[in-house]
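Here are some notes for you on this model, written as numbered points. Have the viewer open while you read.

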Amino acid sequence: MERAAAPQTLRWRWCRPGRGWFHAAMLGWLAERGYRLVLGSIFPWDTYQPPLWFVQAFVRLNVHPGGILVLHDTPELSPRTQASLRWIVPALRRRGYSFVPLAELLEAAG
């Protein structure tokens, strides 16, 4: 998991603005620097540190093909994020979901 969270070199340039808020000036600034704006579609309120059962239930009820799950990884949230992923990844795979790089997902979307 550590390697996935911190790859040696970043080949992509994505930006997910805080709280999903953006405006035209931000889009211009990102474009000038070669970034693409990406928003999530499944946000289980993990920054509020709800019980793990809530995060799991929220993901289970809101998952959908092409969904982008937003989880936060900070020193204080990292253990919770890892615990959530230990449940989320196998549970969604059992339901037939797969995980692909963001570039592949967006390329498929056109």
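1. Ground rules. This is a predicted model, so local features need pLDDT of at least 70 and side-chain atom pairs count only at pLDDT 80 or more, while totals for chains, interfaces and linings use all residues. Residues are numbered from 1 along each chain as its sequence is written, and side-chain values use heavy atoms, with hydrogens and water left out.

2. The salt bridge. Searching the whole structure turns up 1 salt bridge, meaning a side-chain nitrogen of Lys or Arg within 4 Å of a carboxyl oxygen of Asp or Glu. The partners are R33 and E32, whose side chains meet at 3.3 Å, N to O. On accessibility, the labels run as follows: buried is under 20% relative accessible area, exposed is over 50%, and partly exposed is in between (1.4 Å probe, protein chains only). R33 comes out partly exposed at 35%, and E32 is exposed at 66%.

3. R19. Worth a click: phi here is near 60°, a positive value in a residue other than glycine. R19 sits in the loop between strand 1 (14-15) and helix 2 (24-32); helices (H or I, at least four residues) and strands (E, at least two) are DSSP runs, numbered from the N terminus. With 67% relative accessibility, R19 is exposed.

4. Q49. Here too phi is positive in a residue other than glycine, near 55°. The loop in question lies between strand 2 (36-37) and helix 3 (52-62). Q49 is partly exposed, at 39% relative accessible area.

5. The cavity. The count is 1 cavity of 30 Å³ or more, where a cavity is a set of points on a 1 Å grid over the protein atoms alone at which a 1.4 Å probe fits but cannot get out, and lining residues have an atom within 4 Å of a point. The largest cavity holds about 40 Å³ of space; grid points are joined across faces, edges and corners, and the volume is the space filled by probe spheres set on the points.

6. Its lining. Which residues line the largest cavity? They are D46, L52, V55, L77, R80, T81 and S84. Helix 3 and helix 4 (78-94) are the elements that give two or more residues to this lining, and helix 4 gives the most, with 3 residues. By type, the lining divides into 3 nonpolar, 2 polar and 2 charged residues (Ala, Val, Leu, Ile, Met, Phe, Trp, Tyr, Cys and Pro count as nonpolar, Asp, Glu, Lys and Arg as charged, and the others, Gly among them, as polar).

Methods:
On a 1 Å grid over the protein atoms alone, a cavity is a set of points where a 1.4 Å probe fits but cannot get out, and a pocket is an open set with protein on both sides within 12 Å along at least five of seven lines; lining residues have an atom within 4 Å of a point.
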